[in-house]
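Good morning, and thank you for coming. Please have the sequence and the model open while I speak.

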Amino acid sequence: MGSKLHGIMAEFDTATELVDAARAVRDAGYTKTDAFSPFPLHEIDEALGIKRSILPYLIFAGGVTGLCAGIGLQVFVHVIEWPIIVGGRPHFSLPAFVPPAYELTILFAAFVAVFGMLFMNGLPSPYHPVFNVPRFALATREKFFLLIEAKDEKYDYSETRKFMEGLNAQEVFDVDE
Amino acid sequence: MANPENYKAPAEIGGLRTVALGVGGIALLAVAVGAYFNTEQAIRSWLLGYIFWGGLCFGSLGVLMLQYLTGGAWGVVIRRIVEAGSRTLPLMVILFIPLALGVYFGKAYEWTHLPPDDYSMVHRGAYMTSWFWILRSAIYFALFGIMVYLLNKWGRDQDKAGTVEESRLILERASRFSGPTMVIYALVVTFAVVDWLMTLDPHWFSTIWGLLFVAGWGLSTFCFCVIVLAWLMDRSPMNAVLGKKHFHDIGKLMLALTMVWAYFNFSQFLIIWSGNLPEETGWFLTRMKGGWAYIGIALILFHFVFPYLLLLKRDLKRQAKLLASIGGFILFMRLVDMFYQIGPTPRVDPGMLEKGAFYVSWMDFVAPIAVGGIWLWWFLGELMKRPIVPANDPYFEEAVEHGQGH
């Protein structure tokens, strides 16, 4: 190994420097980027040009699926497969179907939310190359890091490295794959 | 500390007040003429307007305590607005007089005319007498009055506070007061709406009735506050205070309360539908027939489904004008909802209408305008009296900053 690089990483002392650098990276046209900070930075999404996640739409679709599944299940059981009279009500009694259908709506939406979030983040991830940089452990304490991945279309080792060094960074690292 | 004097309400409010009073005054004259020809209908329509606009007054009191309990930036930016809303209480007492007179002279509410051996009257005894009904309403107003007085007094003290410590102490006092008082508030609302609205149909009862109004009035208040905030946002000084995030937060609360409203209403329906007992189902059977059925379906679609789906969208909640128009739409549906509750109830004059027949009077449109015009005139006057934000609140700067965030 060693010959193949995951990307190039720069270290910063303050959140402001990170955000400024992220803006410069975005304006230079890099898209396969990531930023690491000890605490949430609300500006970073905009600074890196990260698009809004499609997860909310998937959750909505999950909710609608749950609603249809709930109604469908009860219609199948109570109307088609095994119709019995309960409390003198018609087989198809929508008011009674609402609570289970509602619960399934929540359940499916919650499943999509949790598992969709994990999947789209690529989690669980037992190995990640960024930890090959020893100083990266400081990302959970006091330092801020910015990464450009090697699979970025604009990536070119020497050029990207030079660009990163011009970003007012403390230090620039090669990240081994 | 910031100087509250820098946050005076915009002067344009004065012009709005004149318009509100003019429109309300003309509508009031029309209702007065209507009352001469058909007193009972006038009182019923007045009740419709009273419950809708009164909901903003009583709801403001509830939201005022809620924001002291939860904290948060949304509470800081709407605090002075809901305070002004709660200070319309004296007006609500004045506007209550026609209802009290209606009960006293037996011009409204079927129970004032029921024979003493009617089963709904036998067990209620002295509780369902005109004088005790009026006395109870006076007690509700007195209890609301204590809450309104204390919370507004502390708000004023905070504006005058000289140091951060003093201001923090006042905030803590208001928060501590709001916790237990919230419970009393919910109980008072329950008793009040049972008296004012549920007794319109003396043979029917529902145990979730009070919560329906706690939630519904809360929803009305948030919708109204969003409209006020959207208007203030274009003007100094609030243009420097309000941000997208504030609207986003209140939008989320509107979404939550839209769902709570639907949840409580459906719970009431499901329990009665499941129980299938004659003394309960009549209320819904009337409302599932003829014109009432269409209003019921419209309520499901436009009081719940439509605003619910719109409010799910994040971008929509962050645009002040759009959110305010949704708020206006929900407020209109709140009025329709109140009409759906009040309209089909039995009337005193048996010759007038067949029981439960679909009927909309012209006064059902005019009376809410009359009450609303006067209410807005009073509310805007109260809004102008004090700085428009609690600039001395220890969390004020934080709350302003929160609004500008992403």
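Predicted model: local features only at pLDDT ≥ 70, side-chain atom pairs only at ≥ 80, totals over all residues.

Residues are numbered from 1 along each chain as its sequence is written, and chains are lettered from A and ligands numbered from 1 in the order in which they are written.

Chain B contains 15 helices and 0 strands; helices (H or I, at least four residues) and strands (E, at least two) are DSSP runs, numbered from the N terminus. Along the principal axes, the C-alpha atoms of chain B fill a box of roughly 65 × 40 × 40 Å.

Of the 406 residues in chain B, 45% are buried. A residue is buried if 20 or more other C-beta atoms lie within 10 Å of its own, exposed if 12 or fewer, and partly exposed in between, with C-beta atoms placed from the backbone.

The contact between the chains takes 7 residues from chain B and 6 residues from chain A, where two residues are in contact if their C-beta atoms, placed from the backbone, lie within 7 Å. On the side of chain B, helix α9 (residues 244-275) gives the largest share, 4 residues. By class, that side has 5 nonpolar, 2 polar and no charged residues. Here Ala, Val, Leu, Ile, Met, Phe, Trp, Tyr, Cys and Pro count as nonpolar, Asp, Glu, Lys and Arg as charged, and the others, Gly among them, as polar.

How does α9(B) pack against helix α11 (residues 290-312) of chain B, and at what angle? The angle is about 150°, and the axes are 10 Å apart. Axes are lines fitted to C-alpha atoms, for helices over the stretch in contact, and angles run from 0 to 180 degrees between N-to-C directions. The pair is therefore roughly antiparallel, a term for angles over 145 degrees. The residues of this contact divide into 10 nonpolar, 3 polar and no charged; among them are Trp261(B) of α9(B) and Phe304(B) of α11(B).

α11(B) also packs with helix α13 (residues 320-342) of chain B, at about 155° and with the axes 10 Å apart. These two helices are likewise roughly antiparallel. Their contact includes Trp292(B) of α11(B) and Tyr340(B) of α13(B), and its classes are 14 nonpolar, 2 polar and 1 charged.

I turn to the backbone. Most residues other than glycine have a negative phi, and most peptide bonds are trans. Tyr109(B), however, has a positive phi near 70° and lies in the loop between α4 (89-104) and α5 (119-122) of chain B.

Finally, the peptide bond from Ser236(B) to Pro237(B) is cis, with omega near 5°. In chain A, a cis bond joins Leu123(A) and Pro124(A), with omega about -5°.

Methods: Parallel < 35°, antiparallel > 145°, perpendicular 65-115°, else oblique.
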